[in-house]
Amino acid sequence: MSKDTLTITDNRTGKTYEVDIANGTIKAMDLRKIKVSEEDFGLMTYDPAFQNTASTSSKITFIDGDKGILEYRGYPIEQVAEKASFLEVVWLLQNGELPNAKQLEGFRNQVTMHTMVHENMREFIDGFRYDAHPMGILLSTVGALSTFYPEAKNVGDATNRRIQMTRLVAKIPTLAAYAYRHRRGLPIVYPDNDLSYAGNFLNMMFKMTEPKYRPNPAVEKALDVLFTLHADHEQNCSTSTMRVVGSSKADPYSALAAAAAALYGPLHGGANEEVIYMLRKIGSKERIPDFIKSVKAGEGKLMGFGHRVYKNYDPRAKVIKRLADEVFDAIGKNPLIDIAIELEKIALEDEYFVKRKLYPNVDFYSGLIYEAMGIPLDMMTVLFAIGRTPGWLAQWEELLNDPEQKIARPRQVYLGPSRREFVSIDKR
Ligand code: CMC
């Protein structure tokens, strides 16, 4: 008869152990009873980069990487992207269900009320060098927000937590736009509460001398969808960082600053920027075969391709590819798109990429749309961060409400020198 257990024989001792299997996992702590002697610490698993370790259970986002499926709270990403506004998605991620019209309206009002940041933040941003990367400014200013809301450290208080979560969703676009304006040497633009979440962000980015900024509806809609597509992606590098920092009961501004720092890396949220550099460097369709050859020779990566979890086409990339056509119809084509489409075609037919199951990920086409919208390269990861903020927060709150969680503290396998006597400096 089948049983939901795993029987392990330790060939060092000949002893046999039975451990429970639940949800396709065994508990790593159950392995600790496997010992060669009473003093033995017990067996651990070794899993650098957490390639096969579930660090949490979660009810927020489901991914089937082999089939290319992504769902927020059970809703397929394709449907969410088509039918929901970004703020509806924020509500869904944070509350588990879609909001009704009244709830959504109330939430939209709350977010709108919290878009302003303290004036001191302007002076703080002024202190950055004129050419500071906006992602560096964003993560520093988000961290600095914790000093404006010291009560945020009461992370066990559910009402207080929700206020900080709303503040963060509301203020991140403001900080992001301030960072951009600083870099351009332009005066900052205050939020316009008449506009949608995405429309207001475009206003704070691009308003010049006109009395009222009116976003292009196609761009506003596309940006809203792009935020939605980035809203959550379960236990990725930045979300895991949010959870690890949150597990020490740090306030959400500090934890989110750390998550943003993780996102900054070129292997994570920085990849969209790298894709554009790569496409510019390739320069023409004729040069694609040489570029592919250099990637296969290990001289660099095909940025925007490959994923730790997806071994199939990233469903977000499919939506973005379609979205790109709509945006280009409305505001003009990004000439790099032709190179990107050809590059994708050639790569998907090449044995190197086929064998390794490397497909376009979310970053392959997103940068092309951002660039067509007039968003500079170094703002692209910042836009990823705006979209990902509700996911980070939903995961953070889930962690705090999870009785199984404790402060995160991985183990190590020590391979350094064994104990030795200290050598004084004159003898070295
Ligand atoms: N171009 C060329 N080869 C690649 C690529 C790529 N983009 N990605 C993976 N490979 C190769 C890799 O060299 C390895 O080959 P081999 O088996 O011969 O050593 C094999 O494929 C498996 O790759 P891996 O490095 O073990 O895969 P990983 O799961 O550790 O890395 C990744 C995932 C996303 C970091 C990686 O695919 C990559 O660096 N891609 C380019 C950067 C990128 O587009 N990042 C955005 C990820 S999606 C957005 C996000 O979540 O932030």
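Student: How many residues does the largest nonpolar core have?

Tutor: The model is a predicted one. Within the largest nonpolar core, Phe201, Met278, Leu302 and Leu343 have the most contacts. The number of residues in this core is 117.

Student: Which residues does phenylalanine 201 touch, residues up to four places away in sequence not being counted?

Tutor: Phe201 is among the residues with the most contacts inside the largest core. A contact requires heavy atoms within 4.5 Å. With residues up to four places away in sequence left out, phenylalanine 201 touches Pro173, Ala176, Ala177, Leu223, Phe227, Met379, Leu383 and Ile386.

Student: In the hairpin of E3 and E4, which residue takes a positive phi?

Tutor: Strand E3 (residues 61-64) pairs with strand E4 (residues 69-72) in the antiparallel sense, over four bridges. In this pairing, isoleucine 63 stands opposite leucine 70. Four residues lie between the strands of the hairpin, and the positive phi, near 70 degrees, is that of glycine 68.

Student: Is leucine 415 buried or exposed?

Tutor: Leucine 415 is placed in the segment after H17. Together with Phe41, Met44, Tyr46 and Val413, Leu415 makes a nonpolar surface patch of about 570 Å². The cut-off for the exposed class is over 50% relative accessible area. Because its relative accessibility is 75%, leucine 415 counts as exposed.

Notes
Residues numbered from 1 in each chain as written. Predicted model: local features only at pLDDT ≥ 70, side-chain atom pairs only at ≥ 80, totals over all residues. Heavy atoms only, no water. Core = buried A, V, L, I, M, F, W, Y, C linked by side-chain atoms within 4.5 Å. Buried < 20%, exposed > 50% of the residue type's maximum accessible area, 1.4 Å probe, protein only. Pairing = 2+ DSSP bridges. Helix = DSSP H or I, 4+ residues; strand = E, 2+ residues; numbered from the N terminus. Patch = residues over 30% accessible without salt bridge, like charges linked within 9 Å, V, L, I, M, F, W, Y side chains within 5 Å. Areas by Shrake-Rupley, 256 points an atom, 1.4 Å probe, with all protein chains shown as cover. Salt bridge = Lys/Arg side-chain N within 4 Å of Asp/Glu carboxyl O.
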